[in-house]
Amino acid sequence: MSSNITANWSYPTSVKLGRGRISELAAACKSLGMTKPLLITDRGLASMAITKNALDVLEEAGLGRAIFADVDPNPNEKNLDAGIKAFRDGGHDGVVAFGGGSGLDLGKCVAFMVGQTRPVWDFEDVGDWWTRASLEGIAPIVAVPTTAGTGSEVGRASVITNSETHVKKIIFHPKFLPGVVISDPELTVGMPKIITAGTGMDAFAHCLEAYSSPFYHPMSAGIALEGMRLVKEFLPRAYREGTDLEARANMMAAAAMGAVAFQKGLGAIHALSHPIGAVYNTHHGMTNAVVMPAVLRFNRAAIEEKIGRAAAYLGISGGFDGFYDYVLKLRSDLGVPETLTAMGIASDRIEELSAMAIEDPSAGGNPVAMTLENTKALFKDCF
């Protein structure tokens with residue numbers, strides 16, 4: 001590290017964590033000046049009791065009960081256009097982004113895009129493209145996560161899939177950051193085990209990759225380390241006993257920490273997982289978990305010492321090898337498929353997936369530079 005240390009840091013927002021705090025939803029909306037919010041979520045959540053309860057809280061406070069739920073598991077620009085139309089047609093003045101990654105990502109993107117005239121792809125996370133945005137007309141956002149994984153509630157980006165090319169694009173703007181987050185662990189109690197595992201492993205992957213990335217961001221590195229510790233302590237508990245609210249709350253904290261930390265960078269886990277998800281529609285967090293051991297092996301030479309320090313903090317003996325064995329055991333305890341083959345994916349498109357992976361923005365944060373050749377070998381290692 002040179003003596004000329006310079007860095008630009010931006011840290012998150014107002015987070016209200018605790019059981020029962022969904023009751024504060026209307027007050028959060030009003031604090032941002034909303035009088036007629038649109039709650040945006042995905043189809044699966046639309047009819048669930050937690051969603052109806054959130055709409056009740058809004059309605060009782062005189063804020064209406066408008067909902068838009070035409071959202072795919074990997075949201076695309078068609079969902080986005082439909083959401084913008086619903087927002088404008090309803091005369092709304094704010095968004096409640098409600099759900100897992102898909103509901104949060106689409107809700108944030110709708111709030112942003114109602115103020116824009118350019119197409120969404122003009123705001124991809126490339127260079128300073130975000131400065132193209134018009135600030136007037138961007139709607140305020142309250143985010144309400146119902147899973148503990150993506151951390152999208154404290155993120156300044158949304159992942160939107162291009163329905164024509166099947167490529168996931170990261171759309172970025174500082175105004176994507178919600179003004180208020182309500183993290184109520186009671187909303188995550190109904191998550192099926194497989195989603196608890198997948199979203200929890202997503203949080204772990206965010207923390208692990210941010211910690212391992214070579215960029216200089218000690219604030220993020222510290223948060224990533226403690227995020228991994230929370231996952232280690234509380235994900236097995238949340239998985240075994242879904243109603244364990246202490247475990248659920250700590251996993252919500254870990255998920256938010258992972259997303260705060262990954263402004264330090266992500267890496268090959270995400271660079272592989274994004275194309276697989278876009279082509280095969282797999283669960284993002286579960287895909288991260290499947291490729292994690294192969295990526296640890298791939299990066300070993302560059303991160304061995306760093307992972308040794310993390311292992312010591314996490315109470316794992318044996319340095320890098322101990323940490324690696326811990327990851328294998330955690331995966332098996334959570335029922336994660338051992339390989340991409342076991343996940344039901346054929347190895348006939350490695351060329352195409354590898355080409356997509358090295359173009360993914362996450363690839364730049366990997367401790368070992370990703371080339372087409374070594375990425376193809378890495379993919380083969382995942383099957």
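Is His166 buried, partly exposed or exposed, at 43% relative accessibility? His166 counts as partly exposed because its relative accessibility is 43%, where buried means under 20% relative accessible area, exposed over 50%, and partly exposed in between (1.4 Å probe, protein chains only). The legends below begin with the whole chain and then turn to single places.

This is a predicted model, in which local features need pLDDT of at least 70 and side-chain atom pairs count only at pLDDT 80 or more, while totals for chains, interfaces and linings use all residues. Residues are numbered from 1 along each chain as its sequence is written, and side-chain values use heavy atoms, with hydrogens and water left out.

**View 1. The whole protein chain, with 13 helices and eight strands.** Helices (H or I, at least four residues) and strands (E, at least two) are DSSP runs, numbered from the N terminus. The C-alpha atoms fill a box of roughly 60 × 50 × 45 Å along the principal axes, and 54% of the 383 residues are buried.

**View 2. The largest nonpolar core, which has 63 residues.** A nonpolar core is a set of buried Ala, Val, Leu, Ile, Met, Phe, Trp, Tyr and Cys residues joined through side-chain atoms within 4.5 Å. The members that touch the most others are Phe204, Leu208, Met228, Leu272, Met292, Leu296 and Phe323. Helices that each supply at least two residues of this core include H6 (193–212), H7 (218–240) and H10 (284–313), and the largest share, twelve residues, comes from H10. Apart from this core lies another, of 32 residues, among them Phe87, Phe112, Ala143 and Val154.

**View 3. Phe323 and its contacts in the protein chain.** Contact means heavy atoms within 4.5 Å. If residues up to four places away in sequence are not counted, Phe323 touches Phe204, Leu208, Met228, Leu296, Ile307, Ala311, Leu314 and Ile316.

**View 4. Ser102 in helix H5 (residues 101–113).** Ser102 counts as buried because its relative accessibility is 13%. Leaving aside neighbours within four places in sequence, Ser102 is in contact with Asp42, Val71, Asp72, Pro73 and Pro75.

**View 5. Two loop residues, His166 and Asn281.** His166, in the loop between strand S6 (157–161) and strand S7 (168–172), has a positive phi of about 60° although it is not a glycine. Asn281, in the loop between H9 and H10, is also a residue other than glycine with a positive phi, near 60°. With 53% relative accessibility, Asn281 counts as exposed, whereas His166 is partly exposed.
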